[in-house]
Each structure stands twice: as structure tokens, then as C-alpha cells.
Amino acid sequence: MPSADALRSLAFAVAYRMLGTVSEAEDVVQEALLRLHQAAAVDNPEAFLTTVTTRLAIDVLRSARVRRETYPGSWLPEPLVEDDAARRVEDEEAISVAFLALLERLTPDERAVLVLRESFDYPFAEVAEILGKSEAAVRQLLSRARRRVADERPRFEADPEQRRRLAARFLQAAREGDMAGLVAMLAPDAVLVGDGGGKARSIPRPMVGATAIARALATFYTTGEELGITLEPVLVNGQPGFRALDPAGRIVNVVAIDVDDGAVRRVHSMLNPDKLAHLGPVSDLNLRPRVR
């Protein structure tokens, strides 16, 4: 039988891809592991756990649909952050910020099929059993899901080392407020997405264009330097990025960078304090003033 850690890792991998939130994924994992523990006899614990986790995550997505549809501004997933950004960046397109944000346009069942087939390579027969549907219905769901994300599916630089080097130069330019340097590294049609969740100061809608994005980043981080904010390279959902810390070491924001064809294509800035809390203490430097 797989170890408890292996089972927990499997359940979290499924739940996080389904939900895009660490807190909700951890709640689903706890419930799924409890049900596994309470089951009288389970021949295949991985299959049992995947089935329960997927079904619980679908329930969460359905109950959260209205809340997500009325979310203030752009929605981004809660980031998974690794400190050692100097290591080889693995090809983690399935958990990239851009891809998880794109999955928000799918129905819960479409999302489940896409995750189980593309991330875990489950056979159609097993996916059908997990969802309680026919194989034909599952194939239709997968086809529809792929069509709905095809046009905006993110592409990433094939060479992880080139991604890392470009991200390092981008971070340095942001630190220095180097407008020209940022523009040179951004694709002309690059997109900046900020998620403040209505609680932190952020752009209200995605910003498009290298010059506008470079100006926004240079202004933000030049002001941040005056406030004693430091930037650290990290891996964000498997892709290069960085986090900003205030003088007390508290998190201001986390930035993920999508690199393709030698240019930065998308910049995702997570500022919503609720989505950063699992990473440690969150700074109040960028929070909106409370309305009294």
C-alpha cells in the first residue's frame, strides 16, 4: 500500500488542479483521507482516493460558482511557491498560473475530465467511472473542454534554463525600475493580470502592451524600493517568478512570469492577502484602506 505521504500528495495534486486554491484543496484532501480511513476494505487506495477527491472538488466548484462569478477584478489561483528558483525548472504547464486561470471558464465536469486525462493520464473508462458517466459522455466533455481553452492555452519556452535566465533579467530590471529593459523583454502584446480580490490595490482589469506594463511595473517597484520592499526569485507553480517582501519579511505580492519564444508573454501578480496567507505573514503595505 502506498505511504500516507504519497496518498496525501496524490489527493492534493488532484484537488489543487481542480480548484486552484490551496485552502479549499487542503480541506478536500482532509475529507477524502478521512473517508479512505473509514472505508472497510479498499483494494486500490489510489483509485478510491482519486475518485473521492475529484467528486468532492466538483461539489466545491459548483457551490463556489456564484462567488467566483462575482469575484472583484481578475481571478488568479493561490500560488504554489518554491524558494529554490535556481534549480532546473520542470515543465509544469498543468499547474501554471495561466493554465489554472484558464480552467475557470470550464464547467466542473469539464475541468475534472481535462485534469484527469491530461495531468494524470487516466483511461477514459476510469474517468467515466469516477464521474459516474458513460465513456462517450466523457469523450464529449474532453472535446468540449479542449475547444474552450484551445485559443488561449499558454505556451512556454521549451528550454527551462532560458526561462530562468530571462526571468532573472526581468527581475533585475524590475528592481532597478529599468523601463527600457522591461520593454525589451516583454512581447509587444504581453498581458499583465493583477488579483487584489478587492482587498489589495491592483489593476482592475488585464493590461495589454509592453510599454504600459513596463511603466506599471517600474512605477510599482520603484515606489516599493522607497518603502524598503525587496524582491526574491522563486518558482511559482513550476514557472519562474519572484515575491516581494516588506522590511519585516512579510509578503507583499507573488509574481509568476510566462516565457515563450524568448519573451515574457504574461505577468501574473497575486496581491489578494487571502491567497497569500498560506505562504506566511502578509504585509499591509498594499492593502486598501478599510471603509469605516
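**Questions about loops and a sheet**

Visitor: Where is Asp178 found?
Guide: Asp178 is found in the loop between α8 (160-176) and α9 (179-185). Helices here are DSSP runs of H or I with at least four residues, strands are runs of E with at least two, and both are numbered from the N terminus. This is a predicted model, where local features need pLDDT of at least 70, side-chain atom pairs count only at pLDDT 80 or more, and totals for chains, interfaces and linings use all residues. Residues are numbered from 1 along each chain as its sequence is written, and side-chain values use heavy atoms, leaving out hydrogens and water.

Visitor: Why is Asp178 called partly exposed?
Guide: Its relative accessible area is 30%. Buried means under 20%, exposed over 50%, and partly exposed in between (1.4 Å probe, protein chains only), so Asp178 is partly exposed.

Visitor: What makes Asp121 exposed?
Guide: Asp121 has 56% relative accessibility, so it counts as exposed. Asp121 sits in the loop between α5 (108-119) and α6 (124-131), and has a positive phi of about 55° although it is not a glycine.

Visitor: Is Asn237 buried or exposed?
Guide: With a relative accessible area of 1%, Asn237 is buried. Asn237 lies in the loop between β4 (230-236) and β5 (239-245), and its phi, near 50°, is positive in a residue other than glycine.

Visitor: How do you know that β6 and β7 pair?
Guide: Two strands pair if DSSP finds at least two bridges between them. Strands β6 (residues 251-260) and β7 (residues 263-270) have seven, in the antiparallel sense, so they pair. Ile257 has Val267 in β7 as its bridge partner.
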